[in-house]
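Hello,

Here is the structure I promised to pass on to you. Please open it alongside this email, and my notes follow below.

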Protein chains: 6
Amino acid sequence: MAQLTGYTNFKYFSVTSASPAVAHVEINRPSKLNAFLEAMWLEMGQIFGKLSIDPEVRAVVLSGAGDRAFTAGLDVQSASQDSPLAPGRKDGPTDTARKATLLRRHIAEFQECISAIEKCEKPVIVVTHGISIGLAVDIACCADIRICAADTKWSVKEVDIGMAADIGTLSRLPKIVGSASWVKDVCLSARYFDAAEALAVGFVSQVHESKAAALAAAFKTAALIASKSPVAVQGTKEILNHARDHTVEDSLRYTGIWNSASLQSNDFTTALLSGIQKKKPVFEKL
Amino acid sequence: MAQLTGYTNFKYFSVTSASPAVAHVEINRPSKLNAFLEAMWLEMGQIFGKLSIDPEVRAVVLSGAGDRAFTAGLDVQSASQDSPLAPGRKDGPTDTARKATLLRRHIAEFQECISAIEKCEKPVIVVTHGISIGLAVDIACCADIRICAADTKWSVKEVDIGMAADIGTLSRLPKIVGSASWVKDVCLSARYFDAAEALAVGFVSQVHESKAAALAAAFKTAALIASKSPVAVQGTKEILNHARDHTVEDSLRYTGIWNSASLQSNDFTTALLSGIQKKKPVFEKL
Amino acid sequence: MAQLTGYTNFKYFSVTSASPAVAHVEINRPSKLNAFLEAMWLEMGQIFGKLSIDPEVRAVVLSGAGDRAFTAGLDVQSASQDSPLAPGRKDGPTDTARKATLLRRHIAEFQECISAIEKCEKPVIVVTHGISIGLAVDIACCADIRICAADTKWSVKEVDIGMAADIGTLSRLPKIVGSASWVKDVCLSARYFDAAEALAVGFVSQVHESKAAALAAAFKTAALIASKSPVAVQGTKEILNHARDHTVEDSLRYTGIWNSASLQSNDFTTALLSGIQKKKPVFEKL
Amino acid sequence: MAQLTGYTNFKYFSVTSASPAVAHVEINRPSKLNAFLEAMWLEMGQIFGKLSIDPEVRAVVLSGAGDRAFTAGLDVQSASQDSPLAPGRKDGPTDTARKATLLRRHIAEFQECISAIEKCEKPVIVVTHGISIGLAVDIACCADIRICAADTKWSVKEVDIGMAADIGTLSRLPKIVGSASWVKDVCLSARYFDAAEALAVGFVSQVHESKAAALAAAFKTAALIASKSPVAVQGTKEILNHARDHTVEDSLRYTGIWNSASLQSNDFTTALLSGIQKKKPVFEKL
Amino acid sequence: MAQLTGYTNFKYFSVTSASPAVAHVEINRPSKLNAFLEAMWLEMGQIFGKLSIDPEVRAVVLSGAGDRAFTAGLDVQSASQDSPLAPGRKDGPTDTARKATLLRRHIAEFQECISAIEKCEKPVIVVTHGISIGLAVDIACCADIRICAADTKWSVKEVDIGMAADIGTLSRLPKIVGSASWVKDVCLSARYFDAAEALAVGFVSQVHESKAAALAAAFKTAALIASKSPVAVQGTKEILNHARDHTVEDSLRYTGIWNSASLQSNDFTTALLSGIQKKKPVFEKL
Amino acid sequence: MAQLTGYTNFKYFSVTSASPAVAHVEINRPSKLNAFLEAMWLEMGQIFGKLSIDPEVRAVVLSGAGDRAFTAGLDVQSASQDSPLAPGRKDGPTDTARKATLLRRHIAEFQECISAIEKCEKPVIVVTHGISIGLAVDIACCADIRICAADTKWSVKEVDIGMAADIGTLSRLPKIVGSASWVKDVCLSARYFDAAEALAVGFVSQVHESKAAALAAAFKTAALIASKSPVAVQGTKEILNHARDHTVEDSLRYTGIWNSASLQSNDFTTALLSGIQKKKPVFEKL
């Protein structure tokens, strides 16, 4: 697949064009199981920030390079040396409150980079395979559609490194699956769960036999979405995200206001008439 | 089934008595796959407003007439001519903000008519079959219990007519099923899904082999609910709806205040003693 | 199992030590199907208040004594004589508003006793078997992880005694399972549902063939959780509970602030290094 | 002043045209101190519903006919005979829960009629004089701008008739003035307060020496507002009302979406250029 | 004034009867400027918990004994030795996260004791004089009505002891006065402000020349409130407190449900008829 | 005053050191009445982002250069040529929905730059003088403390350019002053108001006779704040901002968690002992 214009200067990610208007973002550090260094999440935040407003892109697929892992999460080896709280680190403050301030800022910046996936105005489909632990779950929770290969080994791994997950899993997982009992089970025990279990609780909506098959399915769904009115698609993502955190009353009002501009789009007329005339509609970029 | 007194002057709906205290509302435009004209949603709002406070009614079943469709949603042919934004319409304002105002009011009124099902103080069981797309999903989301025939063909169809669904699907669907990934999948792609899939994600809670069987099951559940204390049943609906949009803390307080009046009802004593004495209780109308 | 120190003066509950740092709370009125008297919920509130801050305890299993029932819920016979609204009660106020005040206070106190399970800082795993109706569901909804024996007979029974459930089921059930249609179905009809149905909708996350097997599974999970950093585990419970009732934005911020203190714990270093060094970590009490 | 077209069939209100695009609504039962019968609040709800979407109207002034009272509130004499809970009333239900249901519906409908002032898309300026008690405060709280004559005698009178005010005063007053201590003082004691006190706490923003002067000031402000872009004015009212009940974050987002349609209005260009060219702009109806 | 029955076993507070149904709670450690020890806030929590449900009490006045101070706030001397974080304390945990847990629990318990004033179902009028700093403001913020003597010297003093105020001032002050700029000014600078300034921003609603005069005014208002229907008064307090933290929409609904029981009270009939018949009503205890 | 290190590369702002740890940010385009170009709000966002985490800074004063204006708001001349909706602009999209998307993004970015003042972790005192209209109010609303010169001429000017203010005034003003009637009055009419009126409604907390005197007062307050524990001061700002948008219950919990780290600071011990020992405390940077 061709590199996507404007996304070539990233060290840890490859961004290619999967099909017209479909971008493919690949975490690209397979030698280390795609484990994340700080530079990587900063890059990821930038990439999704750009995709969000890139008129050439209408849908995004996110996956990990290599056979073994979507991502093994935080690169613990590196974090144990470089993070604000690395055990051997000597240069930071010693005062508890001042350390807390650094930590708050560090966590907030990290969260923001990952949340960029959720805030991306274009739909994002994540495809996981192999090892998918810790940060892998935080990332997957931000995507719109979760598809996984049958060999995916999931774990909300954070309690095993002595911490409550703080990059989004605990904030989002309870709202995107259908069993609070299961959420507590996997988050409190850090136990592994597989693709079948992820499907049963609704965490993913498709499981495919291999990474290749999962990717193919994701590209197909992405292409389908990219063929629709981008005004309709992007509005749908925005309103669904808004709905999660607001009352039905608030959501209905917000939707009405959103559509008071969107329904004046040519896309509405184009699609409406195409439907009646059984023609394939063409939509302007957005 | 007999017409229900007071509901005979509706053109597009038949309202009958399915069993004591159980009303059956049928969308009645089968020649057009029960597709909705503006006059129809206005009627539907009125009907559920009346049922809400009708002391003769304790449970409602909603279904669509004919073999082919619960409803094909908005009558697009008609909407493309008559709606505030119909392509060929010449008489409205040309200013974008003024069009937006008309659209906001139009959407708000439309939403209110459909929300009347949710706000109806009596439980509503919806039974779907055949084509159930677009507005069909908005309507189903407002019902309390969703039962479907095996042949139901669902689709959140709106992106295919160039718009984000704005009559409630996007506001309610994420809160009534157990997989956000699935919600995004069906809402962004407008793809069809069937009864089995709807059951798997918890959108419906029963699937029956035919429309007749689904209706029979709905009438049975409705009759069961209608045999209970209406104070208990209507309080339960209200508190569950309130809970969806409030914190647990708020919901508990609201429940306590609600029951501070309701527990003084004769129904409580009647039911409590009937249980102890193994007798069938009889409750006053409400 | 040995009595847990400090928990011997409870009449209706036995509190023992299942394994290091795992407490087992048993509802202990099997002759009456573990039905609840007012004294029992008051005791239960006290027990979970103590466990919450007991440094010897890192996980709790809650179950019911005897073969027949987790609990048959409220002891209706007793409630019909002693409660503020008992049919034959003569000593209370006659004024509706004054009765309402007594009821509000009574319900609030009752709710608080049951909510003590949810507020307990240590994870709580509930194991149900046999009859598990009315208050049984309110209690189960407060636990973090729900495991049940195959013979569990559940019912949200309250409408059958003429009231809307007011001790938490209606406030929590819609937020912990994945089908609003199912929630309305069981809450409005008071019908029984079994372990398989509870699993299918995500109400429980494990079903075992017998009470003994379910208990064994609960003890195993509890022991696993108790082996982890208590800072990480208790933070995870708190953040998940907070997430349920707040927006993702709010939850992320709260998490960052929580972890600004927690990540300064020795547990983080200990666990991080243990992981790298493949050693079993040991954590201080909390 | 001339009757406003389309508002002549109201028995208890006169609706006239104060100046171009300014409607004057007058409570017109001076012989009874403008005390409210049920028919009156129903009429008031209808009037403000009509004004809300009447393109001829851009601002509304609300006042009371006669010298003595803006309104003495609920017509207690009438309420004590006709209301759902009138002491002598024999035809209603006797069951407490069923009475409660009737009361909830009655209060909700009453609230909705008064809230129509707040929901009116056009700004409403209320002018009070003389006796302004009970319902007078509920009504004033719904208006956008409160102006009073120096002789206004205010009282949140409801505790004196044995009830907590339930038509909006307790919900709105704490949010529209700057002293919670004062709010509690006047609401708990039912004591009278005068125009000067109302001004000091920010309840009203102007006091004038007489009803005539207060009305003149209101008409002047209304005319000023009516000379502005109705897109800008109505958007401002909506966003301010929304802001009251939402976080700043939510409000900013809502505002951005609102303006994404409104800024495309010709009004923006017209006003911008008029400002630069120092000309008086003319705006289309809305 | 006579001791109030049931309130004699408090060491640091005197609780007397100011007039029929009016309790007077006095902070009683004048030798130490009424500075608070931990035992004192625990006692205060208990006292207001009792008053809340004491049928003999309909209004409460809270003040400080002695001439010099309402209260000088936390007894810093004592806190620097006994609190969980006392500089010289050796027995607690050394781990940051474990210290944080103790602090969270300590703060939560302290907050709850002070919040008992706000949660007290009966209205509370606070009267301040002289030194009123730190905790004095937290306490005053919880009262319903704030009256002060002209010599009151206020300060949100906490930043001067190196901490953000955490017992309620920062949570409540922004919601009970009318100038966010003033709130930030006094909270960030810890500067003193006097009675006149407190009145100007709406923090207090009355200033009197002396402590005696302020107390007299408070007793008069309390007696007036105590003469009203307790159903109406207590409902008014509850609904106003609820309104502060909810949308107007939510508050209106809550109010309607509250009144669906309260309006069935005899107090409503009694008060209504007394008003018509110009007689002084008598109300049952609550 | 000396330039502040690291802030020299801004074209439209001068950033100097007013006194130890006090930064002075000056809008510096006096020849155009400090009217804002897009480049200016982008710069302002960057400056406050830097100040927020600059350990050399503990308090910030913001004012406008020159004698005539704090700022005349948006540079309308420039906006009418360069903005996404400039009347003569030809290069943008013509589709309404696509224009709306550009506008949403544009407004969101603009809002974010101004909100940087509110989000700045250090307290910000704004000093206004002369013309202070439109954007001036949006900016002032974000500051913590508002001080103005007697000659300040305020106006919420946006309706005069045909739009509802969308950079924050409508979202924040209702929450920071004590009269909703006044807020609606000035926002709907765009009329001017002076310093005295701003003080009376609590919009500003100090008025001084001249710009010089106002600045001097601001520097004095800033220096006072900068002399306090930065842990205490910054925690106070954060908690007050959080409180505005959350319930008291939520705010109390958030405060407890915040302080569970902050109270472990040396600042607490330092300040506590300094107070007891009557010494001037010295605090580490933050």
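Ala21(A) sits in the loop that links strand 2 (13-19) to strand 3 (22-27) of chain A. Leu33(A) lies in the loop between strand 3 and helix 1 (38-52) of chain A.

Before you read on, please keep in mind that this is a predicted model. Chain A averages a pLDDT of 95, and 98% of its residues score at least 70. For the complex, the predictor gives an ipTM of 0.97 and a pTM of 0.97.

How chains A and B are related

How do the two copies meet, through different surfaces or through shared ones? Only 4% of the interface residues of chain A are also interface residues in chain B, so the copies meet through different surfaces.

The A-B interface

Here 45 residues of chain A are in contact with 43 residues of chain B. Together the two chains bury about 3,700 Å², and 66% of that is on carbon and sulfur atoms.

For the polar side of the story, there are 17 residue pairs in polar contact between chain A and chain B, counting pairs with both residues at pLDDT 80 or more. Two salt bridges are found across this interface. In a salt bridge between these chains, the side chain of Asp144(A) meets that of Lys184(B), at 2.7 Å from N to O.

Which elements of chain A supply at least two residues each to the side that touches chain B? They are strand 8 (145-149), helix 8 (211-226), helix 9 (230-244), helix 10 (248-262) and helix 11 (266-277). Helix 9 gives the most, with 10 residues. By type, the residues on this side of chain A divide into 22 nonpolar, 17 polar and six charged.

Chains D and E

Chain D is superposed on chain E by a rotation of 120° with 0.0 Å of shift along its axis, at an RMSD of 0.0 Å. In chain D, the C-alpha nearest the axis belongs to Gly178(D), 2.1 Å away from it. Only 5% of the interface residues of chain D are also interface residues in chain E, so these copies meet through different surfaces.

In this interface, 43 residues of chain D are in contact with 45 residues of chain E. The area buried between them is about 3,800 Å², with 66% coming from carbon and sulfur atoms.

Two salt bridges are found across the interface of chain D and chain E. The side chains of Asp160(D) and Lys228(E) meet in a salt bridge, with 2.6 Å from N to O. The polar contacts between chain D and chain E come to 17 residue pairs, both residues at pLDDT 80 or more.

On the side of chain D that touches chain E, the elements that give two or more residues are helix 2 (76-82), helix 3 (96-119), helix 5 (169-176) and helix 6 (180-189). The residues on this side divide into 20 nonpolar, 12 polar and 11 charged.

Notes:
Residues are numbered from 1 along each chain as its sequence is written. Chains are lettered from A and ligands numbered from 1 in the order in which they are written. Side-chain values use heavy atoms; hydrogens and water are left out. Contact means heavy atoms within 4.5 Å. Buried area is the accessible area (1.4 Å probe) that two parts lose on being put together, summed over both. A salt bridge is a side-chain nitrogen of Lys or Arg within 4 Å of a carboxyl oxygen of Asp or Glu. A polar contact is a pair of N or O atoms within 3.5 Å; within protein, one must be able to donate a hydrogen and the other to accept it, and residues adjacent in sequence count only if both atoms are side-chain atoms. Helices (H or I, at least four residues) and strands (E, at least two) are DSSP runs, numbered from the N terminus. Ala, Val, Leu, Ile, Met, Phe, Trp, Tyr, Cys and Pro count as nonpolar, Asp, Glu, Lys and Arg as charged, and the others, Gly among them, as polar. pLDDT is the predictor's confidence in each residue, from 0 to 100. Copies are superposed by least squares on the C-alpha atoms of residues with pLDDT of at least 70 in both.
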